[in-house]
Amino acid sequence: MESINVKTPQPCDLPQELFTRAEFHEELSEETGFSNYSYWRSTLRTFFKSNVVKVIVVLLLLLVSYTIIYPMVTDRDPYAVSLSAREWNLPPSAEHPFGTDGVGRDIWARVWFGTRTSLLLSIAVAIFQVGIGVIVGALWGFYRKLDTLMFAIYNTLTNVPSTIYLVLIAYIMKPSIFTIIIALVSTGWISEARWFRSRILALREADYNVASICLKTPPKRIISRNVVPYLVSLIIMDAALTIPSSIGSEVFLSFIGVGLPADLCTLGNLVNQGRSAFLVYPYQMICPTLILCFITISFYIIGNKFADASDPRNHV
């Protein structure tokens, strides 16, 4: 069988008009292999791609701004009791947009003062709970010797319903914002630590961390430089989801009577007080409940959407 010889075209056989000499630009040569990709810019671009997220973020920022500004500019005292029975249990009107309660206090003012208190409480809980969880989780995931101790603490705290811890701490300590923060943080930090531990274990076995360990890099530097920065998006997402959870816990403690002092304006107290008069004056419970639901749903949507946006696989 004869072999077929294929003639390879020589450069001289190709038409010269197909070739164009590329000009050399020194400034352009510096951009070779350069990429303008930015993780945070891509995350934010993906996060705000949804119109629903844009609307929710704008409304939530307006609400938070109003709760901060309104108590500073209003002359209405949310704790002022009216001695005139005509001012009691008034329905919503231009003067009282949310009506008044059983002793003539303006519910509109009480809702915004209460929203500010509940937001400050939930943000404080999120900072301490997630902060402690990240620190303990990083140490737990990096030092295997802590497994026995930490799993014992985890099993002890999680096998008993958190409601029991919350009620016990609320009964032992004097009811206050500080007490609620301690109660919520003391029952939530271990779950956060376990959650972050599972992610830190995967980062710990990464090639660059194994190389750092072989080079005798101090563990503190590895954790602070090679591990925690890769969890920033998860930390933000977890904090955003902790805020509505904390508000819900505060409402629950107020509902069972072991929450903040009843005379303090919070969303939990307002919902609990409006519940007793719901059948006769439903607006006293519905108005603060709508604000509570909006805040809770908004933070859940923002947290979940940010979790999806922080995944590099969703970046365009």
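Which residues of α3 are buried? In this predicted model, where local features need pLDDT of at least 70, side-chain atom pairs count only at pLDDT 80 or more, and totals for chains, interfaces and linings use all residues, the answer is Val53, Ile56, Val57, Leu60, Leu63, Thr67, Tyr70 and Pro71. Residues are numbered from 1 along each chain as its sequence is written, and side-chain values use heavy atoms, leaving out hydrogens and water.

**Helix α3**
- Buried means under 20% relative accessible area, exposed over 50%, and partly exposed in between (1.4 Å probe, protein chains only).
- Cover for the buried residues of α3 includes α2 (39-47), α4 (107-142) and α12, with helices taken as DSSP runs of H or I, at least four residues, numbered from the N terminus.
- The 23 residues of α3 (residues 51-73) should span 33 Å at 1.5 Å a residue, and the end C-alpha atoms are 32 Å apart, which agrees.
- At the start of α3, Ser50 brings a side-chain oxygen to within 3.3 Å of the backbone nitrogen of Val52.

**Ile247 in α10**
- Helix α10 (residues 232-255) holds Ile247, which counts as buried at 2% relative accessibility.
- Beyond its neighbours within four places in sequence, Ile247 is in contact (heavy atoms within 4.5 Å) with Ser118, Leu119, Ser122, Leu292 and Ile295.
- Ile247 and Asn51 are 196 residues apart in sequence and 26 Å apart in space, C-alpha to C-alpha.

**Leu290 in α12**
- Leu290 lies in helix α12 (residues 283-309) and is exposed, with a relative accessible area of 55%.

Key:
Helix = DSSP H or I, 4+ residues; strand = E, 2+ residues; numbered from the N terminus. Expected span 1.5 Å × (residues − 1). Polar contact = N/O pair within 3.5 Å; in protein donor to acceptor, adjacent residues only side chain to side chain.
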